[in-house]
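Good morning, and thank you for coming. I shall take the structure on the screen topic by topic, beginning with a term that we shall need throughout.

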Amino acid sequence: MSKGKGEIVPSVRIQSEKDSLCCRYSNNKQFIVAGHTDGVVKVYESMTGKPVNKMSREDVKDEVPVTSVHFKPQPGKGETTNILTTYTDGKVILWNYETGKKIKQIEEKRQTLGATYHPKLSKFLTLGDDSAIYLYDEETMRLEHTYEKGMVSSVVDGHSSRVFAAIFHPLQQTEFVSGGWDSVVHFWDLRQPNSLRYIKGVHMCGEGLDISRNGRELMTCSYVRENALQLWHYQTGRLLANVEPDPYKSMLYCGQWMTNETMLIGGTDPNLLRIVSLKTLSTMMSYRGSSSGVYSADHCFKSGRQSKKDASVDLKIVFAIDKSLIECEVTL
């Protein structure tokens with residue numbers, strides 16, 4: 001277990017034959033699900049690393065990487081056994097991780113690079129290399145809306161390249177934010193086909209977007225050398241801070257809020273996973289020395305939720321590097 005400032009010490013290291021590109025905790029915190037470059041989705045027991053199940057596609061001969069894995073949020077409704085996965089050949093598949101069986105699937109005519117669930121409704125977004133964002137109903141898997149750039153080329157109201165990240169606002173149920181290769185973060189409303197406003201200069205190559213629980217601040221993680229971690233005022237898009245936590249200026253793939261005052265970020269060159277304090281704008285804990293970048297990371301509270309006063313709290317962290325999943329326990 002890691003506590004306070006210093007090095008993050010692995011509790012469990014899970015080895016695989018293929019690289020892990022994405023990882024996620026189950027809602028009940030008991031399992032880790034990971035997607036690999038060979039198209040296989042594996043489920044492991046948290047804190048032991050014991051394999052529980054795997055989901056393999058039978059419709060492909062060559063390797064088709066898994067680009068994202070997601071559990072549907074279930075506020076107050078218990079645990080879900082469904083996993084939503086996306087693939088580079090355009091498949092979007094809903095699995096039952098207990099049985100390993102496919103429930104439903106969608107075939108998109110693009111490389112599908114990610115997805116995100118609505119926090120309360122049975123809907124999800126998918127992201128891809130064609131710059132469009134699609135909204136689906138999970139129960140029917142029917143495409144409901146497409147969000148994209150309008151017809152006027154001079155108006156910046158949608159993406160013009162690959163989209164890698166999207167996140168719904170935690171309080172405003174019709175709003176979401178997205179980012180990608182075109183170095184523009186767009187703010188959307190589900191009721192409008194084009195984006196309502198934007199932030200320029202944020203080059204995103206992974207799940208590097210998150211919104212604070214109070215809905216006021218937006219965090220962005222950029223694959224750039226300078227000002228890779230930034231905080232923005234959600235409502236206005238005003239830059240609040242360039243967070244330079246220490247001299248190690250990683251180019252970032254992923255990031256998320258942990259507590260009201262801490263963030264979890266991962267990147268490459270140098271290859272680092274860091275827990276960053278917003279109070280001191282410095283790195284509290286880090287994992288260094290990996291031979292590859294940190295492509296994906298997730299966290300969960302070991303028991304209950306963080307208190308409003310940000311008191312000491314125990315968490316679990318999992319992150320993907322090369323052919324390994326590393327899980328740690330930390331106390332903040």
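A residue is called buried under 20% relative accessible area, exposed over 50%, and partly exposed in between, with a 1.4 Å probe and protein chains only. The model is predicted, with local features needing pLDDT of at least 70 and side-chain atom pairs counting only at pLDDT 80 or more, while totals for chains, interfaces and linings use all residues. Residues are numbered from 1 along each chain as its sequence is written, and side-chain values use heavy atoms, with hydrogens and water left out.

Let me turn to the aromatic rings. A pair of aromatic rings is described by the distance of the centres and the angle of the planes. Rings of Phe, Tyr and Trp (its six-membered ring) pair if their centres lie within 6.5 Å; planes under 30 degrees apart are stacked, over 60 edge-to-face, and the rest tilted. The search of the whole structure gives 14 aromatic pairs. In one of them, Tyr117 and Phe124 have ring centres 5.9 Å apart and planes at 70°, so this pair is edge-to-face. Both Tyr117 and Phe124 are buried. Tyr147 and Trp188 also form an edge-to-face pair, because their centres are 6.1 Å apart and their planes stand at 70°. This pair links distant parts of the chain, 41 residues apart: Tyr147 belongs to strand β15 (residues 142-147) and Trp188 to strand β18 (residues 184-189). Strands here are DSSP runs (E, at least two residues), as are helices (H or I, at least four), numbered from the N terminus. Tyr147 has 1% relative accessibility and therefore counts as buried; Trp188, at 1%, is likewise buried. Ring pairs also join Tyr117, Phe124, Tyr134 and Tyr136 into a cluster.

Which residue lies over the face of Tyr87? It is Arg57, at 4.7 Å from the ring centre. Arg197 lies over the face of Tyr234, at 5.3 Å from the ring centre. The criterion is NZ of Lys or CZ of Arg within 6 Å of the ring centre and within 35 degrees of the ring normal.

Next, a polar contact, that is, a pair of N or O atoms within 3.5 Å, where within protein one must be able to donate a hydrogen and the other to accept it, and residues adjacent in sequence count only if both atoms are side-chain atoms. Such a contact, of 2.4 Å, joins the side chains of Glu329 and Lys302. Glu329 lies in strand β30 (residues 324-331) and, at 16% relative accessibility, counts as buried.

I close with the backbone. Where is the cis peptide bond that joins Asp269 to its partner? Its partner is Pro270, and omega is about 0°. Pro270 is found in the loop between β25 (262-268) and β26 (272-277), and Asp269 is in the loop between β25 and β26 as well. Asp269 has a positive phi of about 55° although it is not a glycine, and at 44% relative accessibility Asp269 is partly exposed. Met141, again a residue other than glycine, has a positive phi near 55°. Met141 sits in the loop between β14 (133-137) and β15 and is buried, at 10% relative accessibility.
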